[in-house]
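Biologist: I'm new to this one. Could you walk me through how to read it?

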Amino acid sequence: MSGSTRPLRLAVIGAGAGGIAAAIGLRDIGIRDVTIFEKAHDVGGTWRDNTYPGLACDVPSHLYRFSFAPNPDWSRRYSPGGEIQAYMKKVAAEFDVTPLVRFDNEVTAARWDGGAWRIQTTKGDQGSFDAVISAVGVLHHPVYPDIPGLADFSGTAFHSARWDHRVDLAGKRVGIIGTGSTAVQILPAIVEDVAKVSLFQRTAQWILPEPNPPIREERKAAFRAEPALMAEQYERLAETFNGAFCAALVGDNPQWYDEMQTACQANLDTVGDGDLKARLTPHYRLGCKRLIVSDRFYPAIQSPNAELVTDTIVGIEPGGVRTADGRLHELDVLVLATGFDPHHPMGRTQVSGDGGQTLDEAWADGNVTYRAVGVPGFPNWFMLGGPYSPIGNFSFLMTLERQLSYVLQLLGMLRAGEARRIAPGRDATSAYYEAIKAKAGASIWASGCKSWYIDKLGNVASYPWGYDVFEREMSRPVLADFEIT
Ligand code: NAP
């Protein structure tokens, strides 16, 4: 079936990595009428929101980049967050994405009216769009702990993703709640400046001691002069990351898994004090929670002015945090490194599809998606980083680009006049969802720990197969799985 090319009006939600890539990809296939709605004042998503001391990405920089914008200038193996945000801004500017963004426009409602999506934002009605790409990201709704008395704290308290840079930590007594990737990066970055830092740990973590060396100037110059070298570097890193690390997590590379276990145990063994080491020892399988990468955390927690607190928090009082042993940990600043809720990606945005059914209703019994990119009953609605994306294994930018190229193939059909409405079929979606849920439910992420991969129904909402399978699955849509009219 083919028809005449028709101009399409596209809405993209979010100007983070996904939104930036989407706008560029849409232009590449000839879709130029694109509006990006962004709730905040700048592009960059997670890299705009997170500005805490010590922030870096746990994916090597030369792997954490857009394929169409390799960057010879990364300063370190794992570059700092500010540098990644500068990269996002630069790409958005150089590829003329920034002018497409309507900043400070949070989408409050998206409604399918039978032929198009009607978008409302905090600034009012934005009109109709033929299709929507939701690129809202995964880790952008901060979780605040439900601890009695939090509001009564007389010092300054803030979530790690809302860092209050007006507070000078020098000489202060600082508490950090949480021991995820975020807390593990913050503690070493501040320990030398503060009077005391108390780390409130509910669950110990496995920590891989990856060094983070600077990239030498000669190497950067070589990358600049010969981009093929950068491509080789990318391939090497991708091979290690996907073929070893990610494969180990999904059970495809037991030897590498054992090596990671040995490395993490050896790292833990560097903790001299037996009691501290025992308290830092996880009691679940490595990889069940997202593996943490740091060669600075164990030295930092052994600093004379650092304390690991493992007694349960019973409340927060004006003067500090009270633990179950009755002790009050007196604090001036309290950092809530308590993570994010990835299972309600649209937050308070009301999305309604066929017959007015909302996404919340469609997802009442689990975030059912077709290959993480579509939802039955929500025509011409496509997601990047949607539920059941590979959040536990691959580089997120790699994931985004694979999902985007898949979505662009479907949008290409709309543009070519071959379809006006595309949505995944219910049977194909149910079959896919049941298969992915079953596999994820038997994965290492379900092996007996609590983590942000697990949704409120107890499902592990992450992609449980290896990268080769993902690449194959996402290479080309199986059109028989879609309802196309
Ligand atoms: P997280 O991994 O979800 O960790 C949250 C921490 O807060 C956990 O230790 C949790 O304890 C604790 N917590 C939550 N509520 C609590 C409460 N009421 N009382 C006591 N403790 C509480 O969050 P995150 O560290 O922000 O990291 C989230 C993800 O962001 C990472 O897994 C990673 O994907 C990404 N990230 C990446 C980097 C990087 O690239 N290096 C850096 C930061 C974040 P339990 O473990 O007991 O639940």
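Predicted model: local features only at pLDDT ≥ 70, side-chain atom pairs only at ≥ 80, totals over all residues.

Biologist: Which domains does the assignment give for the protein chain?

Modeller: A domain can be pieced together from separate stretches of the chain, as you'll see from the bounds. Domain 1 covers 9–43 + 97–141 + 341–484, while domain 2 covers 150–211 + 249–336. Their C-alpha centres are 33 Å apart. The contact takes 17 residues from domain 1 and 13 residues from domain 2.

Biologist: Now the helices. At what angle do the axes of helix 1 and helix 11 cross?

Modeller: Roughly 40 degrees, with the axes of helix 1 (residues 17–28) and helix 11 (residues 396–415) coming within 10 Å. The two helices are therefore oblique to each other. As for handedness, their crossing is right-handed.

Biologist: Which residues make the contact?

Modeller: Helix 1 brings Ala17, Gly18, Ala21, Ala22, Gly25 and Leu26. From helix 11 come Leu397, Leu400, Leu404, Leu408 and Leu411. By type, that contact has nine nonpolar residues, two polar and no charged.

Biologist: And the loop residue: where is Ser395?

Modeller: Look in the loop between strand 19 (381–383) and helix 11.

Biologist: Is Ser395 buried or exposed?

Modeller: The idea is to check relative accessibility, where buried means under 20%. Ser395 has 0%, so it counts as buried.

Biologist: What does Ser395 touch?

Modeller: Leaving out residues up to four places away in sequence, Ser395 touches Val59, Leu63, Tyr64 and Phe241.

Technical notes. Residues numbered from 1 in each chain as written. Heavy atoms only, no water. Axes fitted to C-alpha atoms, helices over the stretch in contact; angles between N-to-C directions. Helix = DSSP H or I, 4+ residues; strand = E, 2+ residues; numbered from the N terminus. Parallel < 35°, antiparallel > 145°, perpendicular 65-115°, else oblique. Left-handed = near helix turned anticlockwise from the far one by under 90°. Contact = heavy atoms within 4.5 Å. Nonpolar A, V, L, I, M, F, W, Y, C, P; charged D, E, K, R; others polar. Buried < 20%, exposed > 50% of the residue type's maximum accessible area, 1.4 Å probe, protein only. Domains from an automatic or database assignment.
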